[in-house]
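Let's walk through this protein together, one step at a time. Keep the picture open beside you as you read.

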Amino acid sequence: MIVVAGESLIDLVPRENGSPLSPLLPRPGGGPYNTAVALGRLGAEAAFCSRVSTDPFGDALLDGLRTAGVDVSLVQRGPEPTTLAIAAVGAGGSASYAFYAEGTADRLFELPPRLPEAVRALAVGTCSLVLEPGATAYEALLRREADRGVFTLLDPNVRPGLIPDADAYRARFTGWLPSVSLLKVSEEDASWLGGPPGGAASAPPAVVVTRGSRGLSVRTRAGLEASVPGVAVPVADTIGAGDTVNAALLHALAARGALAPTALDTLDADGWREVLGFAARAAAITCSRTGAEPPYAWELQA
């Protein structure tokens, strides 16, 4: 089982890109939520670990997880409202967000008991590692599960507008790295963070960098490098593309028996290119659709 821990929220996506007064369409979202849904649609055994509101939006979010085949037994519930993220989509399909997250349910996440023995991987990231008091609980979950040998993926998915002290966050991010098996960052994330920590003794075993339409690359702690180009598609928007990459990476690594902290060292350049290529194809399908709509396994087979 792969557990994804972090926030779920409602993306309010404009019906017409570039129009500030366009009607807004509510879509399930949140980086970790999208990753969990993508894993379920790809056919992975996945579970979601978070705190979700008991309001109608929260019910809809849980319905989306169940429909994708995601286990929700680790989800905590609370009466606080669901976080809202208002998306603004640029001409090239890239999205920026304004968040309404004060006093919302996912911020009150509490550290759960030790995850089941069947768990082989844990994915964390995005707003959940920024907004307190939940951020401290998610951080503790990451460290605890890594210490007992669970494979971990971290996607910081940086939202600068939510980070009150950039230097403090960067220092905290560096402190997470010893507990991370695979770090996934976008070029923008890497630049904001000061560059991906590839090759250093304190770096994770592997760092994957997404470069938009130019594809993906990986650098391992052992010095191996590989890259693949992007897949050209008509872009509706890029919402959920990075989250789809997270799910596709985990799914492809699981298929190769590589969901173990030391197993990444066994992948050669060709193996990594297969993994990255699968992620690039999955993300391209997501980009071809409005909002975070990850692909199903049959779409990638087709």
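Cysteine 49 is in no disulfide, and the nearest cysteine sulfur, that of cysteine 127, is 17 Å away. As a reminder, a disulfide is a covalent bond between the sulfur atoms of two cysteines. Cysteine 287 does not pair up either, because its sulfur is 19 Å from the closest cysteine sulfur, in cysteine 127, which is too far for a bond. Cysteine 49 is buried, with a relative accessible area of 0%, and cysteine 287 is buried too, at 12%. Here buried means under 20% relative accessible area, exposed means over 50%, and partly exposed lies in between (1.4 Å probe, protein chains only).

Before going further, a word on what you are looking at. This is a predicted model, in which local features need pLDDT of at least 70 and side-chain atom pairs count only at pLDDT 80 or more, while totals for chains, interfaces and linings use all residues. Residues are numbered from 1 along each chain as its sequence is written, and side-chain values use heavy atoms, with hydrogens and water left out.

Now step back to the whole chain. How many helices and strands does the protein chain have? There are eight helices and 14 strands; helices (H or I, at least four residues) and strands (E, at least two) are DSSP runs, numbered from the N terminus. The radius of gyration is 18 Å, close to the 19 Å that the globule rule gives for 302 residues, so the chain is as compact as a globular protein of that length. That radius is taken over C-alpha atoms, and the rule is 2.2 Å times the number of residues to the power 0.38. Along its principal axes, the C-alpha trace spans about 50 × 45 × 40 Å. Of the 302 residues, 55% are buried.

Next, let's visit some loops. In the loop between strand E9 (121-125) and helix H3 (134-147) you will find proline 133, and a cis peptide bond with omega of about 5° joins glutamate 132 to this proline. Threonine 126 sits in the loop between E9 and H3, and its phi is near 65°, a positive value in a residue other than glycine. Most residues other than glycine have a negative phi, and most peptide bonds are trans. Threonine 126 is also buried, with a relative accessible area of 6%.

Asparagine 157 is not a glycine either, yet it has a positive phi of about 45°. Look for asparagine 157 in the loop between strand E10 (151-155) and helix H4 (166-176), where it is buried at 14% relative accessible area.

Is serine 22 buried or exposed? Serine 22 is buried, with a relative accessible area of 7%. Leaving aside neighbours within four places in sequence, serine 22 is in contact (heavy atoms within 4.5 Å) with Pro14, Arg15 and Glu16.

Finally, turn to a helix. Alanine 60 belongs to helix H2 (residues 56-67) and is partly exposed, with a relative accessible area of 39%. Alanine 60 and proline 28 are 32 residues apart along the chain, and their C-alpha atoms are separated by 7.8 Å.

Methods: Disulfide = S-S within 2.5 Å.
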